[in-house]
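Could you walk me through how the helices in this protein pack, and where its aromatic rings come together?

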Amino acid sequence: MSVLGRRGIHYFQKLNAANIPTALIEKGQNRVIEASLTLIRERAKLKGELVRALGGAVASASLLGVPLGHNSSFLQGPAFAPPRIREAIWCGSTNPTTEEGKELTDPRVLTDVGDVPVQEIRDCGVDDERLMKVVSESVKLVMEEDPLRPLVLGGDHSISYPVIRAVSEKLGGQVDILHLDAHPDNYDAYEGNYFSHASSFARIMEGGYARRLLQVGIRSISQEGRDQCKRFGVELYEMRTFSRDREYLENLKLGDGVKGVYVSIDVDSLDPAFAPGVSHIEPGGLSFRDVLNIIHNLKGDIVGADVVEFNPQRDTVDGMTAMVAAKLVRELTAKIAK
C-alpha cells in the first residue's frame with residue numbers, strides 16, 4: 001500500500017474514532033465516487049460519439065487505466081504503470097501502425113477514456129469491495145458507448161476480477177478467457193487478502209463469469225494452485241511443456257457459444273530477458289514473439305482485454321518493459337478493432 005493510501009485510510013479511521021458520524025463520511029465518499037464515474041462516463045460518451053461521427057466501427061478498443069497496486073503481495077509499482085504505457089504507445093521511436101496494419105491514430109481503432117482515480121477514491125477511506133465495484137462500473141460505462149470495448153491498463157492483476165465481472169455482466173453471459181502469466185493467480189485468499197492479485201482468477205471462476213479459462217506460460221505454481229486449477233477446470237499450459245503445446249496454442253479458436261473472448265496478459269508471462277520491469281521476476285518464460293503468435297493467430301471475438309503487472313520502478317533506464325507493454329496494447333488493439 002502506498003504511503004498516501006495508508007495516510008488516507010488512517011485519517012478516516014481517526015475520524016471514525018473521533019465519533020464523526022458515519023453517514024457524513026459515507027456521503028462524502030459517495031460524492032467522490034459519483035464524480036469519478038461521471039468523468040469516465042462523459043469521456044466515454046465523447047469518444048463513442050467521435051467514433052460514430054467518423055462512420056462507426058464494428059468494434060473499437062478504448063483504453064481505461066486502473067492504477068491500482070496495493071493488492072500486490074510484493075511490490076506495488078504497477079500502480080504507476082498506465083501513464084508509462086501511454087507514453088510508450090505514442091513514443092516517437094516507433095510509428096503508430098500495428099503489425100497487422102491498423103492505424104492507432106484513427107479513433108475508430110483506438111480511443112482513451114482516461115484512468116479510474118483509484119488513489120483519490122482510496123484516500124477517502126473507500127474499502128476494496130466498493131473500489132472494485134467502481135472499477136466494474138467504469139468498465140460498463142465504456143461498454144455502453146457502442147462500439148467501444150475496454151482495453152484496460154493495470155495496475156496489478158487484482159483488477160482483472162472487477163473488469164471481467166463487468167464484461168460478463170454487461171454482455172449477459174460467460175466469456176472464454178485466455179490468460180498469459182507466470183502464475184495462475186488462483187489462491188483462495190492469498191495472505192488473507194480476498195482481493196489479492198494472486199487470487200483474482202479464483203474470484204472470476206467462483207463468480208461463474210468464464211466458461212473456459214486457459215492459462216498459458218505458467219512456471220510458478222504451488223500445490224494449492226494445482227488444486228484450484230482442478231477445482232475450476234482450468235486448462236493449464238505450463239512452460240515446461242510449451243514446446244509440445246506450441247502448435248495448439250498458436251492456433252486457438254475461442255468464444256463460440258459464449259459472449260466472446262477476454263484476454264488477460266500479465267507482463268511477467270514473458271521471460272525477464274524481454275520484460276525485466278515486473279514485480280515477480282520468473283525466468284524461463286515466453287518470448288515476445290511467442291506471445292504475439294498466440295495473439296495474432298487467435299480466432300475469436302475479443303470483447304475486452306487487459307495488460308497488467310508492469311512495474312515501472314523495476315524497468316530499465318531506457319524504458320524497455322514500458323515499450324514491451326505498449327506493444328502488447330497496440331497488438332491487442334488491432335485484434336479488437338474491426
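This is a predicted model: local features need pLDDT of at least 70, side-chain atom pairs count only at pLDDT 80 or more; totals for chains, interfaces and linings use all residues.

Let's begin with helix H10, which spans residues 288–297. H10 is mostly covered, with seven of its 10 residues buried. The buried residues are Phe-288, Asp-290, Val-291, Leu-292, Ile-294, Ile-295 and His-296. If you look for what surrounds them, you will find that they pack against strand E4 (175–180), strand E5 (210–218), helix H9 (242–249), strand E7 (261–266) and H11.

The last of these partners deserves a visit of its own. Two packed helices are described by the angle between their axes and the distance between the axes. For H10 and helix H11 (residues 320–336), the axes come within 10 Å and cross at roughly 15°. Angles under 35 degrees count as roughly parallel, so H10 is roughly parallel to H11. Their crossing is right-handed. On the H10 side, the contact involves Phe-288, Val-291, Leu-292, Ile-295 and His-296. Facing them from H11 are Val-324, Lys-327, Leu-328, Glu-331, Leu-332 and Lys-335. Sorted by class, this contact of H10 with H11 has seven nonpolar, one polar and three charged residues.

An α-helix has 3.6 residues a turn, so residues three or four places apart point the same way.

Which residues does Leu-332 touch, not counting residues up to four places away in sequence? They are Leu-151, Val-263, Ile-265, Ile-295, Ala-305 and Val-307. Ile-295 is also one of the H10 residues that meet H11. Leu-332 and Val-307 are 25 residues apart in sequence, with 9.3 Å between their C-alpha atoms.

H11 has another helical partner. Helix H3 (residues 81–89) packs with H11 at an angle of about 75°, and the two axes are 8 Å apart. Since angles of 65 to 115 degrees count as roughly perpendicular, that makes H3 roughly perpendicular to H11. H3 brings Arg-84, Ile-85, Ala-88 and Ile-89 to the contact, while H11 supplies Ala-322, Met-323, Ala-325, Ala-326, Val-329 and Arg-330. By class, the contact of H3 with H11 has eight nonpolar, no polar and two charged residues.

Now for the aromatic rings. A pair of aromatic rings is described by the distance of the centres and the angle of the planes. The structure holds four aromatic pairs. In one of them, Tyr-187 and Tyr-190 have ring centres 4.7 Å apart and planes at 50°, so the pair is tilted. Tyr-187 is partly exposed, with a relative accessible area of 24%, and Tyr-190 is partly exposed too, at 26%.

Tyr-194 and Phe-195 form an edge-to-face pair, 5.0 Å centre to centre with 85° between the planes. Are these two residues buried or exposed? Tyr-194 is partly exposed, with a relative accessible area of 42%, whereas Phe-195 is buried, with a relative accessible area of 15%. Together with Tyr-161, Tyr-194 and Phe-195 form one aromatic cluster.

How values were computed. Residues are numbered from 1 along each chain as its sequence is written. Side-chain values use heavy atoms; hydrogens and water are left out. Axes are lines fitted to C-alpha atoms, for helices over the stretch in contact, and angles run from 0 to 180 degrees between N-to-C directions. Helices (H or I, at least four residues) and strands (E, at least two) are DSSP runs, numbered from the N terminus. Angles under 35 degrees count as roughly parallel, over 145 as roughly antiparallel, 65 to 115 as roughly perpendicular and the rest as oblique. A crossing is left-handed if the near helix is turned anticlockwise from the far one by less than a right angle, and right-handed if clockwise. Contact means heavy atoms within 4.5 Å. Ala, Val, Leu, Ile, Met, Phe, Trp, Tyr, Cys and Pro count as nonpolar, Asp, Glu, Lys and Arg as charged, and the others, Gly among them, as polar. Rings of Phe, Tyr and Trp (its six-membered ring) pair if their centres lie within 6.5 Å; planes under 30 degrees apart count as stacked, over 60 as edge-to-face and the rest as tilted. Buried means under 20% relative accessible area, exposed over 50%, partly exposed in between (1.4 Å probe, protein chains only).
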